[in-house]
Amino acid sequence: MADWEAVQASLVAHNQDHLLKFLPELDEGRKAELYADIRGVDFARLGRYFAKARQSLSNCQEKKDELLKPLDSSIYGSTARDTAHSTRWADTGLRVISENKVAVLLLAGGQGTRLGVNYPKGMYDVDLPSGKTLYQLQAERIVKLQSLAASQSDDKDVTIPWYIMTSEHTKEPTEKFFEEHNHFGLTPENVVIFEQNTLPTLDFEGRVFLAEKHRMSRAPDGNGGLYAALVQPEHDILKDMQDRGVLYVHVYCVDNILVKMADPVFVGFCVEKGAECGAKVVKKASPTERVGVVCECDGKYQVVEYSEISQKTAEKRNNDGNLTFSAGNICNHFFTTQFLGRVCRDHVDDLVHHVARKKIPHVNDEGQRVEPEKQNGVKMEKFVFDVFQFAKRFAVLEVLREEEFSPLKNALGGDKDTPATARAALLDLHYRQVLAAGAVFVDEDGRRLPLIPHRNSTIDRQELGKRGSHGNGGVVCEVSPLLSYNGEVTTMWRHNNYSAPNKG
């Protein structure tokens, strides 16, 4: 039986008693829902989260220039600079993958709202010739990598478990999508879909919004909610990893069309460095590019947001002309399961929530549904990279943007990071890989097409996207991940002396 007196007293103590405003209007079923909803929230902890987040927001207005140090060269690698080492790193990575010690974990809580769709981002098709979605491209990269690693293994049985963290809005459609597509060739029990937690949304004074008269408004707790979600009793993902013998986990965001799943080079680099935590980065396109920078801040490894660095510091350069703080964060990380265990056990409550000002629909004091026209409250989120500060052994690998990073964030017609720019980036990459494999492109009459310089800058890609171009002079070249993981020449290519026609 609901103890409404105790609930009332608790809510009054935390300035949240407005949540019971419509209680007399509710039927017994709705009252039970509201009771369970309220009892599921620790309002004292929520208040502490809000106070710390608000203080963090205030601190973000302060520049951190005096606290910053560039990363030490001993923990830093580059696939462009260290080409001689990359092959060895890849061999190391493939070896530990072949020993079933590596898993991938996808952060897939985001809906496609900014893309103009009402389904999860991973289900989006950027209009590739194949019609493949982000989920399918990523699944097939795992299938191919398992095959490549199996060729290095004696028992030929290699599994890369794929853990997919969804939100309450994306979990069901994601599960249904994978089932309808037979998990894209992966064994179903090796595709583990789980849900992150939510937090109530708040007004600027820390009062919880009602989404309906009997239900609080909630939002996912950010990709940094991963660490709490990993040890939820209903799925206990961390234990599942440990039971499978997984030692290393590659964590990434769903919207990067060029992501290399369980990238052997990155995994091998971090393993050889003895790192318990690692970040893959790209060189900043310009001093003012609006990306976070991986660096040391006040003696700890962190991602410092562009807004926390003055322009003078952002423009600072080394003697070789490169930006001093150039390691752009792309949400692509490496963790040992031992490190994840320590974070989940000791540091989840140490992670400060970040405040995101939002337009939050809610029920007002008159019981009417309101769709605000301006920001009226906050959602609190943790970021996945906030655990860098706890790493005792850290490593950073710089990779080429044109090979590994093209996020999909905005709808067609946007200034950047659109379906068109993502498509152009992937087709450009495949075009270069096919040329490097020794293929020749010909037109409809069999005449060899001239080589077109590839476009490797963010600006070039954005221009291509605005014009709706496929790039490369109109050549459309897509290579299935099932044929090649990263441009390696397969037997099929060599035997068929592959050439691709100009599809306009």
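Analyst: Here come some labels, each set against its cut-off. The model is predicted, so local features need pLDDT of at least 70 and side-chain atom pairs count only at pLDDT 80 or more, while totals for chains, interfaces and linings use all residues. Residues are numbered from 1 along each chain as its sequence is written, and side-chain values use heavy atoms, leaving out hydrogens and water.

User: What makes Trp89 and Phe269 an aromatic pair that is edge-to-face?

Analyst: Rings of Phe, Tyr and Trp (its six-membered ring) pair if their centres lie within 6.5 Å; planes under 30 degrees apart are stacked, over 60 edge-to-face, and the rest tilted. Trp89 and Phe269 sit 4.9 Å centre to centre with 70 degrees between the planes, an edge-to-face pair. A search of the whole structure turns up 16 aromatic pairs.

User: Why is it said that the pair of Trp89 and Phe269 ties together parts of the sequence?

Analyst: Trp89 is in helix H4 (residues 83–98) and Phe269 in helix H9 (residues 264–273), so the pair links parts that are 180 residues apart in sequence. Helices here are DSSP runs of H or I with at least four residues, strands are E runs of at least two, and both are numbered from the N terminus.

User: Why is the pair of Trp162 and Phe178 called edge-to-face?

Analyst: Their ring centres are 5.5 Å apart and the planes meet at 70 degrees, so this pair is edge-to-face. Trp162 belongs to strand S4 (residues 162–166) and Phe178 to helix H6 (residues 171–180), so the pair joins parts 16 residues apart in sequence. Both also belong to one aromatic cluster with Tyr135, Phe177 and Phe184.

User: How do you know whether Trp162 is buried or exposed?

Analyst: Buried means under 20% relative accessible area, exposed over 50%, and partly exposed in between (1.4 Å probe, protein chains only). Trp162 has 0% relative accessibility, so it counts as buried. Phe178, at 0%, counts as buried too.

User: What about His183: buried or exposed?

Analyst: His183 is at 12% relative accessibility, so it counts as buried. This residue is found in the loop between H6 and strand S5 (191–195).
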